[in-house]
Amino acid sequence: MAALSAGLVGTAGVFASAGAATAHGRTSDTRHHAPTVIATGLNNPRQLAFSPEGELYVAEAGTTGTSNCQTSPEFGTVCVGLTGSVARIGEKGHVNRVVTGLPSSGTASEPIGPSDLVFTGNHEFALVIGLGGSPTYRAGFGSMGRLLGTVVKVDLHHRRHSPKVKKVFDVAGYEAKNNPDGTDIDSNGVGIARTHKGFVVADAGANDVISTRRHGSTVAVLAPVPTTKPVSVPGGPTLPAGFPADAVPTDVVRGPDGAWYVSQLVGFPFEKGASSIWRIVPGHAPQKWATGLTNVTSLAFDHHGRLYAVEIAANGLLSGPTGDLVRIKPHSSTHSVVAGNLFAPYGVAIRGSSAYVTTGSTMETAPGTGQVIKIHL
């Protein structure tokens, strides 16, 4: 599964409901959690993170481009451009793109580029950049696409000039060499977390979680998720129960207990309620920690140890990218909606008693329509 397939569905404006929100059997009064828009004008915002100094940064997948176009079996004609970026959000919502010129590929409705970042110092962070294919596919984009499918380190100490961007790990190269799930060579790194001596990456294309230490190793592989009932595809066939949807891990965070917690989107046909959150201890089989979720793209723990998740489409992507922020109940399939009716939400970061969520993560409307919203918890 190369991408998150948000571009398969129609989109509309951002909706911030102050009333009750309902998602697959869950009801929550969200009046005290009404979102506040704190930043606008973003280009496909994905994950976001706070620096050690408390500044908020957002990875922007960009607006693709018009260069070195090639044919993708999944998306048709795809092109590349240097429109990906990382933005710092100021106190009054000012968007300052501190890193620009990063690769962005795909189609106008489904760009792939910078996806997630994790800080390693006050002015240094690692950034994972997606791909949605193999190293051979990447090579078709020429020099403009050389950082697709990699982890890079960014040094902002001299950001008034040009931040230093250095490739430190080839995620797509690891997939081509090892192919942990044994299927097609397909890499799309979209989530990253820091370890003591490296990083852990959630690869949505490869259906695995890998470590960048010592030339790479596999932390876990997530198996396909069979559909539980027939699913009618708009304009297409009805898929039978048992259709093997790709696992599509999307984010990885370290829990208060030291284990890794991994979210999954679950690929086409994006069945409602099919997503789980996995607890992973290296050397042990992944364990389901929460179930009954739909199209999860991001996770974050608060200072009380409570886990929150973003569902990009609470009823499944084939029904449109209207999603929510959910508080997770461990070892359960019943969870609380904190804020619902959000347009294409994607990433979440928590600071104090507030969650910060990116919305407008698809390009089916227009460039610059992405936002960051603040939700009191």
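**Sheets, a disulfide and pockets**

Q: What makes the strands β3, β32, β31 and β30 a sheet, and in what order do they stand?
A: In this predicted model, the four strands form an open sheet in the order β3-β32-β31-β30, and their pairing is antiparallel. Strands of a sheet pair through backbone hydrogen bonds, in a parallel or an antiparallel sense.

Q: Why are β3 and β30 called edge strands?
A: β3 (36-42) and β30 each pair on one side only, and this places them at the edges of the sheet. Neighbouring strands of this sheet are turned by 20° against each other on average, direction ignored.

Q: How do you know that β3 and β32 are paired?
A: Pairing requires at least two bridges between two strands. Four bridges join β3 to β32 (residues 370-376), and therefore the two strands count as a pair. They run antiparallel. Within this pair, Ala39 stands opposite Val372 in β32.

Q: Which strands make up the open sheet that includes β14, and in what order?
A: The order is β14-β15-β16-β17, and these four strands are paired in the antiparallel sense. The edge strands are β14 (189-194) and β17 (217-221), each with pairing on one side only. From one strand to the next, the twist averages 25°.

Q: What makes β15 and β16 a pair?
A: The strands β15 (residues 199-203) and β16 (residues 208-211) are joined by four bridges.

Q: Why is the link between Cys69 and Cys79 called a disulfide?
A: The term applies to a pair of cysteine sulfur atoms within 2.5 Å. The sulfur atoms of Cys69 and Cys79 are 2.0 Å apart, so the pair meets the limit. By this rule the count comes to one disulfide. The angle about the S-S bond is 105°, and the link is right-handed. Cys69 belongs to strand β6 (residues 67-72) and Cys79 to strand β7 (residues 76-89), 10 residues apart.

Q: What lines the largest pocket?
A: The largest pocket has a volume of about 580 Å³. Of its 25 lining residues, Leu48, Ala49, Val118, Val253 and Ala349 are the closest to its centre. Elements that give two or more residues to this lining include β4 (45-50), β10 (114-121) and β14.

Q: How is the lining of the largest pocket divided by class?
A: It has 17 nonpolar, three polar and five charged residues. Leu48, Ala49, Val118, Val253 and Ala349 are among the lining residues; Leu, Ala and Val count as nonpolar, and therefore these five belong to the nonpolar class.

Q: What is known of the second largest pocket, its volume and its lining?
A: About 270 Å³ of space lies in this pocket. It is lined by 14 residues, and the closest to its centre are Gly54, Leu56, Ile89, Gly90 and Glu91. By class, the lining divides into five nonpolar, three polar and six charged residues.

Terms used: Residues numbered from 1 in each chain as written. Predicted model: local features only at pLDDT ≥ 70, side-chain atom pairs only at ≥ 80, totals over all residues. Heavy atoms only, no water. Axes fitted to C-alpha atoms, helices over the stretch in contact; angles between N-to-C directions. 1 Å grid on protein atoms, 1.4 Å probe; cavity = no way out; pocket = protein on both sides within 12 Å on 5 of 7 lines; lining within 4 Å. Points joined across faces, edges and corners; volume = space filled by probe spheres on them.
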